[in-house]
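Please take a look at the protein model below.

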Amino acid sequence: MADTVKIAPSILSADFARLGEEVRAIDAAGCDYVHVDVMDGHFVPNISLGPVVVEAIRPHTAKPLDTHLMIAPAEPYLEAFAKAGSDIITVHAEAGPHLHRGLQVIRSLGKKAGVSLNPSTPASAAANVLDQVDLILVMTVNPGFGGQAFIAEQVAKIRAIREMIADRPIELEVDGGINPDNAGAVVAAGADVLVAGSAVFGGDDYAAAIGALRAAVS
Ligand code: DX5
Ligand code: ZN
């Protein structure tokens, strides 16, 4: 599993004034996905970016744009994020009453569908949508800001979801406070995609930072 772990730097921690350049830099540094955090100031207490920014960065990388929607409701915006060039669109289980339908809409737009769970949401919230998702995203911080401390109690949930996934073709992504000190534990619990914002963009050498995460899980 460790050999196939993917690294998804979160551009929330990038320099927004040079976003195209930053995306090219993480691409060149060997990232697997580009993680795009979308916040609405309603579902989470922060506002980040919308579909026009996804569209603007799209030409700067051929790697999958992993779009994490921290917005409620999400459904009215799914088509816009799909058209803007997202490859994976993840919605939160807590963001509305019709998770199943939202996931169906994402797939009908030709995109991979993800469901994300806040720290207080049990693993069982994903149990009835396993056939509708390509990715499950476990939040290891309360969403809204980069640079927060990893919530270690979530490791048990990662393990439970890995068991729930069994042999289905579903990626298990973790997001929040991931760094070389905790990456080994989350991968041992079953994660196979690591989001990292401050751990990658916090220094000048993005390739070294991505390499340190890979080394920590190998
Ligand atoms: C939190 C976002 C994360 C965050 C990760 O709301 O979903 O993707 O930017 O940043 P770090 O790795 O700094 O916690
Ligand atoms: Zn995120």
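## Around Met 139

Leaving aside residues up to four places away in sequence, Met 139 touches His 68, His 92, Ser 116, Leu 117, Asn 118, Pro 119, Gln 154 and Asp 175. Contact here means heavy atoms within 4.5 Å. Before going further, note that this is a predicted model: local features need pLDDT of at least 70, side-chain atom pairs count only at pLDDT 80 or more, and totals for chains, interfaces and linings use all residues. Residues are numbered from 1 along each chain as its sequence is written, chains are lettered from A and ligands numbered from 1 in the order in which they are written, and side-chain values use heavy atoms, with hydrogens and water left out.

Met 139 is found in strand S6 (residues 135-139). Strands (E, at least two residues) and helices (H or I, at least four) are DSSP runs, numbered from the N terminus. Is Met 139 buried or exposed? With 2% relative accessibility, Met 139 counts as buried. Buried means under 20% relative accessible area, exposed means over 50%, and partly exposed is in between (1.4 Å probe, protein chains only). The C-alpha atoms of Met 139 and Ile 158 are separated by 9.6 Å, with the two residues 19 apart along the chain.

## The metal site

Two of the residues that Met 139 touches, His 68 and Asp 175, turn up again at the zinc ion (ligand 2).

The arrangement is octahedral because the six donor atoms around the zinc ion subtend angles of 68 to 169°. Six donors count as octahedral if opposite donors are over 155 degrees apart and all others between 65 and 115. Along the chain, the donors follow the spacing H-x1-D-x30-H-x106-D. Distant parts of the chain are linked here: His 68 sits in strand S3 (residues 65-70) and Asp 175 in strand S7 (residues 171-175), 107 residues apart. Both His 68 and Asp 175 are buried.

## The sheet

Eight strands form an open sheet with parallel pairing, in the order S1-S8-S7-S6-S5-S4-S3-S2. Strand S1 (6-9) and strand S2 (34-39) are the edge strands, each pairing on one side only. On average, neighbouring strands of this sheet are turned by 25° against each other, direction ignored. Axes are lines fitted to C-alpha atoms, for helices over the stretch in contact, and angles run from 0 to 180 degrees between N-to-C directions.

Two strands pair if DSSP finds at least two bridges between them. Here are some of the pairs:

| Parallel pair | Bridges | One bridge |
|---|---|---|
| S3 and S4 | four bridges | His 68 with Thr 90 |
| S4 and S5 | five bridges | Thr 90 with Gly 114 |
| S7 and S8 | two bridges | Val 174 with Leu 194 |
| S1 and S8 | four bridges | Ala 8 with Val 195 |

How many residues of S4 are buried? Five of its five residues are: Ile 88, Thr 90 and His 92 point one way from the strand, and Ile 89 and Val 91 the other way. S8 is covered on both faces, with Val 193 and Val 195 buried on one side and Leu 194 and Ala 196 on the other. Helix H8 (residues 206-217) lies across S1 and strand S8 (193-196), at about 145° to S1.

## The cores

A nonpolar core is a set of buried Ala, Val, Leu, Ile, Met, Phe, Trp, Tyr and Cys residues joined through side-chain atoms within 4.5 Å. The largest one has 60 residues, and those touching the most other members are Ile 11, Leu 69, Val 115, Ile 136, Val 186 and Leu 194. Another core, of nine residues, lies apart from it and includes Ala 8, Val 141, Val 193 and Val 195.

## Some local details

A cis peptide bond, with omega about -5°, joins Ala 72 and Pro 73. Pro 73 is placed in the loop between S3 and helix H3 (78-84).

Ala 166 is not a glycine, yet it has a positive phi of about 50°. Ala 166 lies in the loop between helix H5 (154-165) and S7, and counts as partly exposed at 49% relative accessibility.

Technical notes
Donors are N, O and S atoms within 2.8 Å of the metal (3.2 Å for Na, K and Ca); water is not among the atoms, so sites may look incomplete. Four donors count as tetrahedral if all angles lie between 85 and 135 degrees; four count as square planar and six as octahedral if opposite donors are over 155 degrees apart and all others between 65 and 115; anything else is irregular.
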